[in-house]
Amino acid sequence: MKNVANPGECSRSPIPSPAAVGAGNGVAVSLRGLGRRFGPTPVIAGLDLEIPAGQFLALLGPSGCGKTTVLRLIAGLDVPDQGRIGLGEDGRALAYVFQDPCLLPWRRVLDNVALPLELEGVPKAERLSRAHDLLDTVGLGEALDLYPDQLSGGMRMRVSLARALVTRPRLLLLDEPFAALDEFTRQYLDEHLQGLFLDHGMTVVFVTHSMAEAVFLADRVVMLAPRGAGVILDHPVDLSRPRDGPCRVSTAFLAHIQRLSAALIPSQEALAGSGRARIIEV
Amino acid sequence: MKGFRDAVWLPPLLSFLGLTLALEVWLWFADIPSYLLPRPAEVFTALYTEGADLTRAILRTSLAASTGLLVSVIIGVAAAIGLSINDWLRRAFYPYAVFFQTVPIIAIAPLLVIWLGYGLKTIIAVSFIVSVFPIIANTLSGLLSTDPALRDLFRLHRAGTLTTLVKLRIPAALPQFLTGLRIASGLAVIGAIVGEFVADDYRGGGGIGTVVMVAIKELNTPKVFAAVFMAALLGLVFFALVNLLGRLTRRHWHIAETRE
C-alpha cells in the first residue's frame, strides 16, 4: 500500500493516512484522563488521546511538557496518578527506543539486537537469525561482529532501532531517538524509520521537539503545552507516503510546519507572561 | 616506534641515575654515618650480597599479599553484589564495610594474632582487611549506577532480578571494579608488610617486613634500604599486573576506562 509521490511534489494522500498503512499489525492505544505529577507540579493532567491501530503519531512539545512521561506511562515503565491507559489486545508486544542508543558495550552488534529475544527466552539459533535479518533491513548486515564502540552515532541508533523491532512489536515508542544526531544523519534515519513503519505497519508514538521531523514522519501531530496544560493542537498530516527529500521542501510540507508554528504562538506568549523564560525549539 | 618507547623510559631513568649519583657524591663528602643514611653504592651492594635472602623474603610477602588480594576480590565482590540487591540490606550492613576502611589496622593486628596465631594466616588476614574496602565500595557504586535506560529496557522485556544482575549490572560494574582492584592491589602489599611486622612466625626467614625489622635491630641500614627498595618494587609489580589485567579486560569487553 505504498503511494508514490511525484518527484519534487508531495501530494495529498487519497486516503486519510491512518487507514492507509498498518496492515492489521498495529495496536490501538487509548489514554483517558491521564494524570501524573512529580512533587507538587503536574507533568500531565487530564490527558485524553486516542491512537488508532497502525497510526504514526508524533508527540511534539517543548522540554518539560511531559512527552517522555506519556511515553513511559504507555510503556508501563511508570504508573499514572489518575486515568487509564488502554492498549488493544496483545498490547504488551511493545518496544521502546531511548534517547541514547543504550547498547551494551560488551556485546557484539548481533548480540545486542538479539538481547530482547534472549530476555524473553527465545532459543539461541532463532534469535540470532532474527537479529541478523533485522540488521540486514537497517543496512548493518556487514557489522554483525563489530562492537558498539566501533560504530558511528547514526549506526548505533540503527542498531537500537533493529533491537526494538526484533520482537516484532505492535506498538513502537520512540523518545527523541535522533535528537543527538546531526541533521544529515537524522534525515537519513527519518526516512529509514518511515520505511520500517511502512513494512511492519505497527502503531508508532514518536516523541520529538522538531516540527520538521514530526511533519515528515507522522500521520498525526499532537502538540502538548508546557507543564501539563494539555493538547494545544491535534493536527493530521495528510502527505502521501513514502515521503522523501523533495517532500521536505514542498509547499504542502511547509504549510504544515506553518500551521504548527502558528499554534505555538499563544503558548509562547503564555510562557513569556508567566515570567519564566524558556526556549522553545521550533 | 622504538624511538617513542625510549623517550618514555629515558626521563625517569636519567633522573634516577642523576639523583643517585648526586646522593652518592654528597654522602662521600658529608659526615653522615652509614647506619643513619647509607650511600647508594652500599645499598646496591646490600641488594647484591643479600639478594638471595631478599628475593626469598619478597616472594613470601608476595604470596601473602596476592592471597590477601584474592580473598578481598572474592569476599568484596560477593559483599558488593549482596549489598546491591536490597536497599535495606545495604543500609544495615554497609557501615560494617566502612569499618574495614577506618579501622586502624596496626591496632587490631595484635588481636588477629590472638585469634589466628603467628604466621601466614594472620598476615593474609591483615592484607585482606586493608584491601577489601576499595573493592566493596567501587564495585557497589558500579552495580548501583547502571544506566537507568538499560534497566528500563530489561524491565520492558520482563527480565528478572537475577538475569538483570548477570547480564547487565555485573558487566556494567566491571570498570569500577577494576578501579577498586587497582587501589586494593597497592594496599594489599602494604597490609602484608604491616602484618609481617606484627605477626610473622619467622618460618624460613620471614617476609620482607620481617627482614626490615631484623635489619633495623642489627643496625644494618643498607639492608633496610635494600628491603624497602624490594618492597616498593613488589608494589609496582602488583600495580602493573593489575593495570595490565584491567587493560586486557577492557579491551576484551570493549568498555572505556573510568575517568579518575
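**Chatting through the model**

Analyst: Let's begin with a pair in chain A: the side chains of Arg36(A) and Asp81(A) meet in a salt bridge, with N and O 3.3 Å apart. A salt bridge here is a side-chain nitrogen of Lys or Arg within 4 Å of a carboxyl oxygen of Asp or Glu. This is a predicted model, where local features need pLDDT of at least 70 and side-chain atom pairs count only at pLDDT 80 or more, while totals for chains, interfaces and linings use all residues. Residues are numbered from 1 along each chain as its sequence is written, chains are lettered from A and ligands numbered from 1 in the order in which they are written, and side-chain values use heavy atoms, with hydrogens and water left out.

User: Where do Arg36(A) and Asp81(A) lie?
Analyst: Arg36(A) is in strand β1 (residues 29-38) of chain A and Asp81(A) is in the loop between α2 (67-75) and β4 (82-87), so the pair ties together parts that are 45 residues apart in sequence. Helices (H or I, at least four residues) and strands (E, at least two) are DSSP runs, numbered from the N terminus.

User: How many salt bridges are there over all chains?
Analyst: The count comes to 23. Between chain B and chain A there are 2. In one salt bridge, Asp152(B) pairs with Arg72(A), and the closest N and O atoms are 2.6 Å apart.

User: New topic: what is chain B built from?
Analyst: Chain B has 10 helices and 0 strands. Its C-alpha atoms fill a box of roughly 75 × 55 × 25 Å, taken along the principal axes.

User: Back to chain A. At what angle do α3(A) and α5(A) pack?
Analyst: Helix α3 (residues 109-119) and helix α5 (residues 153-165) of chain A pack at about 35°, with their axes 7 Å apart. Axes are lines fitted to C-alpha atoms, for helices over the stretch in contact, and angles run from 0 to 180 degrees between N-to-C directions.

User: Which residues make that contact?
Analyst: From α3(A) they are Val109(A), Asn112(A), Val113(A) and Pro116(A), and from α5(A) they are Val159(A), Ala162(A) and Arg163(A).

User: Which peptide bond is cis?
Analyst: The one from Arg241(A) to Pro242(A), with omega near -5°. Pro242(A) sits in the loop between β9 (231-236) and α8 (245-248) of chain A.

User: What about phi of Cys102(A)?
Analyst: Phi of Cys102(A) is near 55°, a positive value in a residue other than glycine. Cys102(A) is found in the loop between β5 (94-97) and α3 of chain A.

Key:
Contact means heavy atoms within 4.5 Å.
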